Amino acid sequence: MSESWRTRLQRLGFNLWPSYRGTGGRVRYIAEDWQEVRVEIPQNLRTRNYMGTTFGGSIYGACDPIYAMMLIQALPDEYTVWDRAASVAFKRPGTEDLYARFRLSDEELTTIRERLRSEESVDREYEVDVISADGTTHATVEKTVYVGRD
């Protein structure tokens, strides 16, 4: 699915937002329905640590808000979405640009809506691999996101 003019503007705003900009990560693509977001963590002075590899805080920070934002945009306004927990498993040092591709399926959104018909809230767990251009996994970020009915 392509980006719409609206998601292009939202991507620009996201990348200019000070707290996200400070991570060094950049949102490179947002699908029109917000069910796919692509992030790049460039290897540069802002994201490099003392050892010359990508700073773990940049990896985590670039990935941190994405699933919550996707759910906020993909679900109707009568839902409340919050980050609940996160963890990062670092697998190998990053010495090049890194990428993460976040996806939400139609089935996932349907499951959330159906469960919230009978439950007050649900916690959903998501995982994204942070990879280099050749597909090597450098980190795996796990997020737990709370979704409740207003």
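Which residue in strand 4 is the bridge partner of E36? It is R103. Before I go on, the basis.

This is a predicted model, in which local features need pLDDT of at least 70 and side-chain atom pairs count only at pLDDT 80 or more, while totals for chains, interfaces and linings use all residues. Residues are numbered from 1 along each chain as its sequence is written, and side-chain values use heavy atoms, with hydrogens and water left out.

Now the sheet. Six strands form an open sheet in the order 1-2-4-5-6-3, with antiparallel pairing. Strands here are DSSP runs of E, at least two residues, and helices are runs of H or I, at least four, numbered from the N terminus. Two strands count as paired if DSSP finds at least two bridges between them. Strand 1 (26-30) and strand 3 (79-90) are at the edges with a single partner strand each, so one side of each has no neighbour in the sheet. From one strand to the next, the twist averages 20°, with axes taken as lines fitted to C-alpha atoms and angles running from 0 to 180 degrees between N-to-C directions.

Pair by pair. Strand 2, residues 36-41, and strand 4, residues 98-103, are antiparallel over six bridges. Strand 5 and strand 6 are joined by eleven bridges, also antiparallel, and S121 has G148 in strand 6 as its bridge partner. These two strands make a hairpin with five residues between them, and G135 in the turn has a positive phi of about 90°. Strand 6, residues 137-149, also pairs with strand 3 in the antiparallel sense, over eleven bridges; there, A89 is bridged to T140.

Last, a surface feature. E125, E127, D129 and E142 form a negative patch. Patch residues have over 30% relative accessible area and no salt bridge, with like charges joined within 9 Å. Areas come from the Shrake-Rupley method with a 1.4 Å probe, and a salt bridge is a Lys or Arg side-chain nitrogen within 4 Å of an Asp or Glu carboxyl oxygen. Strand 5, residues 121-131, gives the most to this patch, with three residues; D129 is in that strand.

How values were computed: Patch = residues over 30% accessible without salt bridge, like charges linked within 9 Å, V, L, I, M, F, W, Y side chains within 5 Å. Lys, Arg positive; Asp, Glu negative; His and termini not counted. Charge placed at Lys NZ, Arg CZ, Asp CG, Glu CD.
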